[in-house]
Amino acid sequence: PYTTYAAAFDMKIFSQKVSKGSLGAGLSAFSDKAGDAEMGTAQVNLMLGYRSKLDERNIISAGIQGGFTQRSINSEAMQWGNQDDGITGFDAGLPSGESYDFGNYSYGDFSGGLMWNYSSNQKTMTSNDGLKANLGVALFHLNKPKGVFYTASDERLYAKLVIHGQALIGLKNTNIAIQPKVLWLKQGPSNEILLGTMVRYTLKEQSKYTGLIKETALSLGGYYRMKDAFIPAILFEMANFAIGFSYDINVSDLSAASSGKGGAEISLRFVNPNPFV
């Protein structure tokens, strides 16, 4: 099975020295392994961003990212058609007939992006009040690093374009908000489109004076990855903390092999200060 871990952290820096906006820095880490050949990706990135308030409702942000990626594979675990002896099956002692060597490799990687935020009031994106929205665009692999396991090849990764947007639409005089989201990724000839909506219900509002009662909310909904999978999701928020769960249900032609099974994902989030205050 695929085994994937990801973590990220970011915060404001030099807040007293930046008067017209805010500067932020962050760190992200990613690890993934897949299949019997243990095809793996290990990645660490440093991020730097600047956020500027255009007026009372609009904010623009820009960011850059640089890091290091290592790709690995266990070539000894690979099985080839030439190694089927026609009697008992796979025989590791038979030559594979492959003319290329498979080797691990690493590369530096650089990216950048812009994002616009809109809020009809001064509250945060998590509040069920008014309209909040954002739209972002990013370009990854700006330096087009080498991206293949064949040691004799010099193929390069395509630059990857990412466009994403979401909104939080509070329904007046209710505790309910609608959160539509869209994500589009394009890398060379490949495309991925993700569409979905969450319905957020505020279970308990933050106490305005003492702060002893923490705001809690429950979100339910789902997403659809075009021509691939339906993804039901649930998210529970309490003050600074949030925990979410989603599951990819394969609905493409691949379901003949996967029997509709997909991947479970658990997310944990901590925001400081409390976004509800």
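Trainee: Why is Lys144 called partly exposed?
Mentor: This is a predicted model, so the value is computed from predicted atoms. Lys144 has a relative accessible area of 46%. Buried means under 20% and exposed means over 50%, with partly exposed in between, so Lys144 lands in that middle class.
Trainee: And what makes phi of Lys144 worth a remark?
Mentor: Phi there is near 45°, a positive value in a residue other than glycine. Lys144 is in the loop between β6 and β7. That loop also holds His141, which has a positive phi of about 55° although it is not a glycine.
Trainee: Is His141 buried or exposed, and how do you know?
Mentor: Its relative accessible area is 10%. The limit for buried is under 20%, so His141 is buried.

Trainee: On to rings. How many aromatic pairs are there?
Mentor: A search of the whole structure finds 3. One of them is Tyr105 with Tyr107.
Trainee: Why is the pair of Tyr105 and Tyr107 called stacked?
Mentor: Two checks. The ring centres are 6.1 Å apart, and a pair needs them within 6.5 Å. The planes are at 25°, and under 30 degrees counts as stacked.
Trainee: What makes Tyr105 and Tyr107 buried?
Mentor: Tyr105 has a relative accessible area of 12% and Tyr107 has 11%. The cut-off is under 20%, so Tyr105 is buried, and Tyr107 is buried too.
Trainee: Why is the pair of Phe241 and Phe270 called tilted, then?
Mentor: Those centres are 5.0 Å apart, with the planes at 45°. Stacked needs under 30 degrees and edge-to-face over 60, so Phe241 and Phe270 are tilted. Phe241 lies in strand β12 and Phe270 in strand β14, so the pair ties together parts that are 29 residues apart in sequence.

Trainee: How do you know that the charged end of Lys160 sits over the ring of Phe140?
Mentor: That end is 5.2 Å from the ring centre. The distance limit is within 6 Å, and the charge must also be within 35 degrees of the ring normal.

Trainee: Last one: what makes Ile234 partly exposed?
Mentor: Its relative accessible area is 35%, which falls between 20% and 50%, so Ile234 is partly exposed. Ile234 is in strand β11, which gives the most to a nonpolar surface patch, with 3 residues.

Terms used: Residues are numbered from 1 along each chain as its sequence is written. This is a predicted model: local features need pLDDT of at least 70, side-chain atom pairs count only at pLDDT 80 or more; totals for chains, interfaces and linings use all residues. Side-chain values use heavy atoms; hydrogens and water are left out. Helices (H or I, at least four residues) and strands (E, at least two) are DSSP runs, numbered from the N terminus. Buried means under 20% relative accessible area, exposed over 50%, partly exposed in between (1.4 Å probe, protein chains only). Rings of Phe, Tyr and Trp (its six-membered ring) pair if their centres lie within 6.5 Å; planes under 30 degrees apart count as stacked, over 60 as edge-to-face and the rest as tilted.
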